[in-house]
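Here is a short tour of one protein model. Keep the sequence and the structure in view as you read.

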Amino acid sequence: DSSTAEDFDFFYLVQQWPGSFCDTRQGCCFPDGAGKPEAAFGIHGLWPNYAKCRGRHHREGGGLARAVLGADDAFLAAVGRRGKCWPEYCGGGGDGDGGHQLSPWDVRDLVASLGRSWPTLSCKNRRSFEFWSYEWKKHGTCSNLDPHDYFARALQLRERHDLAAVLADAGIVPSDTDTYPVDRVRDAIAQGTGFVANLECNRDADGEAQLFQVYQCVDREAKDLIDCPLPMPTKCTDRVKLPVF
Ligand code: 5GP
Ligand code: 5GP
């Protein structure tokens, strides 16, 4: 229904390196029953995004950007949805909103692939299904896709490029001692996938910067990669680690 279609510009396919999720001070857990995931990038989410927003910079909040917070109602009405940096909870955020809740039935044929490619590493709730349904409610409901297509396309996009293999081809292999120039990481992904991605780093328990998440940009249909239309502020330093998982 085009009258209710979300008017975002592109998706981020966000993939996390499990080694960098796990070796922070907060640690990680493996999904119940599934054991340790393979040493591969796993999906975090497929997030609809605006190419422009009114935040001081792009990642300042999914809700209203800072410049808009505190604005009066007339201004808000004029800015409309474009005052946000991305749409979220398009089906409403509440748990009572049964119609927008992900049902296991929706993804029954994808569960095995999702379990391999989109495992939760959180210790709060070791069920990957809870992670998928959270991502569906927050981001998927804004995607203009039904739940099955949303998850199927995320999986298809991830299958196109094995990011760990792309990095290994450029000599960037997991290590707890080596560091790599972040520009080499960026170039390796651009070369290996054909498109410019954004990178996010976090810090290990010793405070050293490491590659945490790769944000690949994807067209509005969630079918093809595109060059990311805008850079992201990153916590990456000139050289980063790719810790062993
Ligand atoms: P963080 O502040 O940890 O980077 O992000 C917290 C959450 O905000 C993410 O899990 C995601 O749901 C949302 N988020 C952060 N950055 C972006 C972005 O650039 N685009 C979208 N669509 N969501 C984002
Ligand atoms: P977002 O950053 O998308 O807003 O939030 C991610 C949410 O999913 C957090 O509340 C986090 O606790 C939960 N979560 C569950 N499993 C994972 C995981 O493997 N990685 C990340 N980044 N978040 C996870």
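## Overall plan

From the N terminus on, the elements of the protein chain follow the order β-α-β-α-α-α-α-α-β-α-β-β-β-β. That gives seven helices and seven strands. Helices (H or I, at least four residues) and strands (E, at least two) are DSSP runs, numbered from the N terminus.

This is a predicted model: local features need pLDDT of at least 70, side-chain atom pairs count only at pLDDT 80 or more, and totals for chains, interfaces and linings use all residues. Residues are numbered from 1 along each chain as its sequence is written, while chains are lettered from A and ligands numbered from 1 in the order in which they are written.

Buried residues make up 36% of the 245 residues in the protein chain. A residue is buried if 20 or more other C-beta atoms lie within 10 Å of its own, exposed if 12 or fewer, and partly exposed in between; C-beta atoms are placed from the backbone. Now take contacts between residues at least 6 apart in sequence: 72% of them join residues at least 24 apart. Two residues are in contact if their C-beta atoms, placed from the backbone, lie within 7 Å.

Look at β1 (10–16). Seven of its seven residues are buried, so β1 is largely enclosed by the rest of the structure. In a regular strand the side chains alternate between the two faces of the sheet. Both faces of β1 are covered. Phe-10, Tyr-12, Val-14 and Gln-16 are buried on one side, and Phe-11, Leu-13 and Gln-15 on the other.

What does β1 pair with? Strands pair if DSSP finds at least two bridges between them. β1 and β2 pair in the antiparallel sense over seven bridges. There, Gln-16 has Gly-42 of β2 as its bridge partner. β1 and β5 also pair in the antiparallel sense, over six bridges. Here Gln-15 stands opposite Val-214 in β5.

## A hairpin

Strand β4 (residues 198–203) and strand β5 (residues 209–218) pair in the antiparallel sense over six bridges. Leu-199 stands opposite Val-214 in β5. The two strands, β4 and β5, form a hairpin with five residues between them. In the turn, Gly-207 has a positive phi of about 85 degrees.

## The nonpolar core

A nonpolar core is a set of buried Ala, Val, Leu, Ile, Met, Phe, Trp, Tyr and Cys residues joined through C-beta atoms within 7 Å. The largest one has 46 residues, of which Phe-11, Leu-13 and Val-218 touch the most other members. Elements that give two or more residues to this core include β1, β2, α4 and α5. β5 gives the most, with seven residues.

Leave aside neighbours within four places in sequence. Phe-11 is then in contact with Leu-46, Trp-47, Pro-48, Asn-49, Val-218 and Ala-222. Trp-47 lies in strand β2. It is buried, with 23 other C-beta atoms within 10 Å.

## Around ligand 2

Which residues are around ligand 2? They are Gln-16, Phe-21, His-44, Gly-45, Thr-120, Leu-121, Ser-122, Lys-124, Phe-131, Tyr-134 and Lys-138. A residue is near a molecule if its C-beta atom, placed from the backbone, lies within 6 Å of it. β2 (42–49) and α4 are the elements that give two or more residues to this shell. α4 gives the most, with three residues.

The shell divides into four nonpolar, five polar and two charged residues. Ala, Val, Leu, Ile, Met, Phe, Trp, Tyr, Cys and Pro count as nonpolar, Asp, Glu, Lys and Arg as charged, and the others, Gly among them, as polar.

## Helices and loops

The buried residues of α4 include Phe-131, Trp-132 and Trp-136. What covers the buried residues of α4 includes β2, α3 and α5. After α7 comes Gly-194, with a positive phi near 90 degrees.

With 16 C-beta neighbours inside 10 Å, Tyr-89 counts as partly exposed. With 20 C-beta neighbours inside 10 Å, Asn-144 counts as buried.
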